Amino acid sequence: PIGLATLYPSPVIGHRGACALAPENTLASFRQAARDGAAMVEFDAKLTADNRAIVFHDDDLERTTDGTGPVQDITFEALSGLDAGGWFSPAFQGAQVPSLEEVLDCAQDHDLAINLELKPCPNRVEETARVVLATAALQWSADDRPPLISSFSRAALAVARDLAPSWPRALLCDNLPDDWREQAAILRVQALHLGDVELSPATIAQVKNHGLAVAVWTVNDPERVRFLLAAGADAVFSDDPGAIRKALG
Ligand code: G3P
Ligand code: MG
């Protein structure tokens with residue numbers, strides 16, 4: 001079994017880097033998380049039209065770039081010409097949507113552990129998981145701490161289970177689904193990543209007693225972080241990991 005220290009090197013995970021302080025899922029955001037002492041960052045991976053693995057959250061370009069339309073319809077070259085920072089603040093104008101390789105390099109340079117969330121666009125679930133995992137595997141050596149692979153998509157996690165069986169996995173859920181025990185067994189996950197939707201200590205205890213780790217997203221209130229960790233959660237995802245670390249002392 002994979003120990004908790006391997007899954008989460010510290011209880012505070014930088015969500016999309018440090019997305020309260022820099023544009024989410026950009027290199028600037030991951031560098032910010034590293035500067036603020038985060039030991040681990042989470043990010044979202046998907047594919048461009050020409051099958052390049054990129055780090056990007058939404059299905060569409062509008063919210064976090066100056067482009068329009070579905071991400072799955074744009075080539076990597078065209079995507080690289082878009083501004084992914086100006087929407088956040090003028091100071092970040094010119095930031096690009098990074099390739100997965102760039103983000104993995106950045107994480108390795110800054111000694112950041114990673115939680116790679118498979119975030120496939122519609123109808124590209126298996127393909128996304130295959131390409132993203134193959135891309136990450138090229139950059140991984142056996143001595144490195146393995147990335148923690150997570151997804152809301154059970155089909156994507158099944159691909160991860162089959163292609164990268166030794167890399168730990170987490171099933172993402174908003175609420176605890178009724179079939180969580182069955183799914184955890186089928187997908188052979190080590191953890192559940194639960195949304196902080198009125199998450200109770202009893203729910204956390206139930207999952208922990210079943211032998212699974214629990215990380216909770218997205219928690220930005222230090223009091224709530226303390227409460228969840230005291231209730232047995234192993235980690236939380238936060239948009240400002242430095243502030244949470246400071247508050248925890
Ligand atoms: O992986 C935790 C969290 O990122 C899941 O939700 O929408 O922020 O990717 P989302
Ligand atoms: Mg995510």
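Modeller: Two strands pair if DSSP finds at least two bridges between them. The model is predicted: local features need pLDDT of at least 70, side-chain atom pairs count only at pLDDT 80 or more, and totals for chains, interfaces and linings use all residues. Residues are numbered from 1 along each chain as its sequence is written, chains are lettered from A and ligands numbered from 1 in the order in which they are written, and side-chain values use heavy atoms, with hydrogens and water left out.

Colleague: What makes β5 and β6 a pair?

Modeller: Three bridges join β5 to β6 (residues 169-173), and these strands run parallel. Pairing asks for at least two bridges, so the label holds. One of the bridge partners is Ala170 in β6, which goes with Ser150. Strands here are DSSP runs of E with at least two residues, and helices are runs of H or I with at least four, both numbered from the N terminus.

Colleague: How is β5 joined to β4?

Modeller: Three bridges link β4 (residues 113-118) to β5, again in parallel. Ile149 in β5 is the bridge partner of Leu116. From β4 the chain passes through helix α5 (residues 125-139) to β5, a right-handed β-α-β crossover. That label means that, with the strands pointing away from the viewer, the path from the first strand over the helix to the second runs clockwise. Another right-handed β-α-β unit is made by β5, helix α6 (residues 154-163) and β6.

Colleague: Which way do the side chains of β5 point?

Modeller: Leu148 and Ser150 point one way, while Ile149 and Ser151 point the other. In a regular strand the side chains alternate between the two faces of the sheet.

Colleague: Why is Ser151 called buried?

Modeller: Its relative accessible area is 0%. The side chain of Ser151 reaches the backbone oxygen of Leu118 at 2.8 Å.

Colleague: What sets Asn25 and Arg188 apart in accessibility?

Modeller: Asn25 has 2% relative accessibility, so it counts as buried. Arg188, at 49%, is partly exposed. Asn25 sits in the loop between β1 and α2, and Arg188 in the loop between α7 and β7. Most residues other than glycine have a negative phi, and most peptide bonds are trans.

Colleague: Where is there a cis peptide bond?

Modeller: Between Trp217 and Thr218, with omega of about -25°. Thr218 lies in the loop between β8 and α9.

Colleague: Which residues are around ligand 1, and what makes them count?

Modeller: They are His15, Arg16, Glu42, Asp44, His57, Glu117, Lys119, Phe152, Leu172 and Trp217. A residue counts as near if one of its heavy atoms lies within 4 Å of the molecule. By class, this shell has three nonpolar, two polar and five charged residues.

Colleague: How close do oxygen atoms of ligand 1 come to N or O atoms in the side chains of Glu42, His15 and Asp44?

Modeller: The distances are 2.6 Å for Glu42, 2.8 Å for His15 and 3.1 Å for Asp44. Taken alone, ligand 1 exposes 290 Å², and the protein buries 92% of that.

Definitions and conventions. Polar contact = N/O pair within 3.5 Å; in protein donor to acceptor, adjacent residues only side chain to side chain. Areas by Shrake-Rupley, 256 points an atom, 1.4 Å probe, with all protein chains shown as cover. Nonpolar A, V, L, I, M, F, W, Y, C, P; charged D, E, K, R; others polar. Buried < 20%, exposed > 50% of the residue type's maximum accessible area, 1.4 Å probe, protein only.
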